[in-house]
Amino acid sequence: MIFGLETSCDETAAAVITRGGEILANVIASQADLHAPFGGVVPEVAARRHLELVAPVVRQALGEAKVTVDDLELVAVTRGPGLIGALLVGLSAAKAFAWGLGLPLAPVDHLHGHVASLFLAPEPLDPPFLCLLATGGHTMLLDVHAHDRYTVLGRTLDDAAGEAFDKGARVLGLGYPGGPELDRVARDGDAHAFSFPVARVPGLDFSFSGVKTALLYAVKELAADEVDRVRADLAASYQRAVVQALVERVHEAGEGTGLDRVALVGGVAANSELRRALPEASVVPLALCTDNAAMIASASRWVAPLQPPDYLDLDAYASVA
Ligand code: KG4
Ligand code: ZN
């Protein structure tokens, strides 16, 4: 059995999976409420909270999986990219946990983890396939040719898609975290009430900074009570523009590569409009779209593990490797 730990942003997460990809426990302690008053994740606050949560979350995962530490054969942990202080808490905890048990440690890239959410039971997706990875920090189109290998076909030149949802939600006065809230509010709106264009950049890259500015100007032109009245329309129209940009690129990449299977991963894959617009795409359950440790444990199955004590000087990294 594999034990996974993930602390790259504001979720403290631990999981136990089998070698075959069956999830025995997938515990996620969200810090969202803690960061809500600030309208975004405060890195130092996140790191301190991870420190408080990591031991209880590890214990809870073992309890829910009904296993003891003697059943574990490998510890997997997110090494980056993410918030460096947050990552260091998880990495240090994982080193101590593995070292204390005499177990090997597998350092996992967070983005590889999101892709590997697709490799979990009961319906694992086998490469090759086209993958849209859209989170709060990254937006990429990937040609996934093996379980441990992908080529980046396109990426965002500015904001990530999740960031575009979060910033749009903030402009609309919706709560934090904004993406799920904007998704919810948009359900009651008319997606054609406003026209928000999305920049078309060359190749298969994305750009979301313009659409965010367009929303800001649209809101500024309206009186406050008017914004209240059309908030759902604004949300739906904005969501349509962002989703359309993602979907167009997925179709173009599909034609360009000849890959006929598409998958969506990352927090934005939870978006109901995106799922509706790409009905043919493979998606994982919502709890596996946003940050979790089951996906990290899943990815570790294709990572060469380090033996004790070789991992003790391993460092985290904040940016894409
Ligand atoms: O993968 P994730 O949990 O964390 C990162 O690695 O960034 O993604 C979080 C992002 C946030 O920007 C959040 O607003 C967005 O995913 N998100 C959504 C939805 N659920 C989460 N965006 C749009 N619609 C949703 N339903
Ligand atoms: Zn993530």
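User: Which residues do the ring pairs link into a cluster?

Analyst: Ring pairs link Phe119, Phe129 and Trp302 into a cluster, where rings of Phe, Tyr and Trp (its six-membered ring) pair if their centres lie within 6.5 Å, and planes under 30 degrees apart count as stacked, over 60 as edge-to-face and the rest as tilted. This is a predicted model, in which local features need pLDDT of at least 70 and side-chain atom pairs count only at pLDDT 80 or more, while totals for chains, interfaces and linings use all residues. Residues are numbered from 1 along each chain as its sequence is written, chains are lettered from A and ligands numbered from 1 in the order in which they are written, and side-chain values use heavy atoms, with hydrogens and water left out.

User: How many aromatic pairs are there in the structure?

Analyst: The structure holds six aromatic pairs. One of them joins Phe119 and Trp302, with 5.3 Å from centre to centre and 70 degrees between the planes, which is edge-to-face. Phe119 sits in the loop between helix H4 (110–116) and strand S6 (129–134), and Trp302 in the segment after helix H11 (294–300), so this pair ties together parts that are 183 residues apart in sequence. Helices (H or I, at least four residues) and strands (E, at least two) are DSSP runs, numbered from the N terminus.

User: Switching to the largest nonpolar core, which residues touch the most other members?

Analyst: Of the 77 residues in that core, Leu118, Phe129, Phe208, Leu234, Leu246 and Leu274 touch the most other members; a nonpolar core is a set of buried Ala, Val, Leu, Ile, Met, Phe, Trp, Tyr and Cys residues joined through side-chain atoms within 4.5 Å. Helix H8 (residues 224–257) gives the most to this core, with 15 residues. The core draws at least three residues from each of domain 1 (2–120 + 289–302) and domain 2 (129–283), where the domain bounds come from an automatic or database domain assignment. A second, separate core has 29 residues, among them Ala14, Val27, Ala29 and Leu72.

User: What does Leu118 touch?

Analyst: Not counting residues up to four places away in sequence, Leu118 touches Glu123, Pro124, Leu125, Phe129, Cys131, Ala263, Val265, Ser282 and Val284, with contact meaning heavy atoms within 4.5 Å.

User: Now H7, which of its residues are buried?

Analyst: The buried residues of H7 are Val211, Lys212, Leu215, Ala218 and Val219. They cover an arc of only 120 degrees around the axis, which puts them on the same side of H7; the arc is that of the directions from the helix axis to the C-beta atoms. The face of H7 turned away from this buried side carries the exposed residues Tyr217 and Lys220, and what covers the buried residues includes helix H5 (161–171) and H8.

User: How far does H7 reach from its first C-alpha to its last?

Analyst: Helix H7 (residues 209–220) has twelve residues and reaches 17 Å, close to the 16 Å expected at 1.5 Å a residue, where the expected span is 1.5 Å times one less than the number of residues.

User: Where is Asp159, and what is it in contact with?

Analyst: Asp159 lies in the loop between strand S8 (149–155) and H5, and it counts as buried at 8% relative accessibility. Leaving aside neighbours within four places in sequence, Asp159 is in contact with Lys167, Phe208, Ser209 and Lys212.

How values were computed. Buried means under 20% relative accessible area, exposed over 50%, partly exposed in between (1.4 Å probe, protein chains only).
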